[in-house]
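Open the model in your viewer and follow along. Each stop tells you what to select and what is there.

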Amino acid sequence: FDAIPQILDGKNIADYVDPDIDDRLRLLEEEEDQLAAEYDAANMQRMDDDDSLDEMEKAQVSEIRDRVKIARAHKERPGGRNRPALPREIRGRVK
């Protein structure tokens, strides 16, 4: 009994073995670390930009965020939109 089978599900396992998989994995991990460092640096710059807002701009930003919250709350409230604007009697329609 072999620890690693030669044929699995009718396919030869040796066809799927990659000898440089460790090198490729190491390169991918290095690239991932580099991209994460670049992302963190970009976020730090973005955070620095937020600190450069004056009081008037901060007030405008908070007003916009409040309006968005109100719009979301209004949109998510139940009912109100699943009925006709006018009753049938007023529109002149009869059952």
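## Salt bridges and charges

The count comes to 3 salt bridges, where a salt bridge is a side-chain nitrogen of Lys or Arg within 4 Å of a carboxyl oxygen of Asp or Glu. This is a predicted model: local features need pLDDT of at least 70, side-chain atom pairs count only at pLDDT 80 or more, and totals for chains, interfaces and linings use all residues. Residues are numbered from 1 along each chain as its sequence is written, and side-chain values use heavy atoms, with hydrogens and water left out.

**Stop 1: confidence.** Color the chain by pLDDT, the predictor's confidence in each residue, from 0 to 100. The chain's mean pLDDT is 81, and 81% of its residues reach 70 or more. Now select helix α2 (residues 55-76): among the elements of the chain, its mean pLDDT is the highest, at 90. Helix α3 (residues 88-91) has the lowest, at 75. Helices here are DSSP runs (H or I, at least four residues), numbered from the N terminus. Where pLDDT is low, the predicted coordinates should not be read in detail.

**Stop 2: Asp-18 and Arg-24.** Select both. They form a salt bridge, with the closest N and O atoms 3.0 Å apart. Buried or exposed? The scale runs from buried (under 20% relative accessible area) through partly exposed to exposed (over 50%), using a 1.4 Å probe and protein chains only. Arg-24 is partly exposed at 47%, and Asp-18 is partly exposed at 26%.

**Stop 3: Arg-26 and Glu-30.** Which atoms should you look at here? The closest N and O atoms of this salt bridge are 3.2 Å apart. Arg-26 and Glu-30 are 4 residues apart in helix α1, so about one helical turn separates them. Arg-26 is partly exposed at 41%. Glu-30 is partly exposed at 43%.

**Stop 4: the negative patch.** Select Glu-29, Glu-31, Glu-32 and Asp-33, which form a negative surface patch. Such a patch takes residues with over 30% relative accessible area and no salt bridge, with like charges joined within 9 Å. Asp-33 is in helix α1 (residues 21-51). Asp-33 is exposed, with a relative accessible area of 55%.

**Stop 5: Glu-63 and Arg-67.** Move to helix α2, where Glu-63 and Arg-67 lie 4 residues apart, about one turn of the helix. Their side chains meet in a salt bridge, 2.8 Å from N to O. Glu-63 is partly exposed at 40%, whereas Arg-67 is exposed at 57%.

Terms used
Patch = residues over 30% accessible without salt bridge, like charges linked within 9 Å, V, L, I, M, F, W, Y side chains within 5 Å. Areas by Shrake-Rupley, 256 points an atom, 1.4 Å probe, with all protein chains shown as cover. Lys, Arg positive; Asp, Glu negative; His and termini not counted. Charge placed at Lys NZ, Arg CZ, Asp CG, Glu CD. Helix = DSSP H or I, 4+ residues; strand = E, 2+ residues; numbered from the N terminus.
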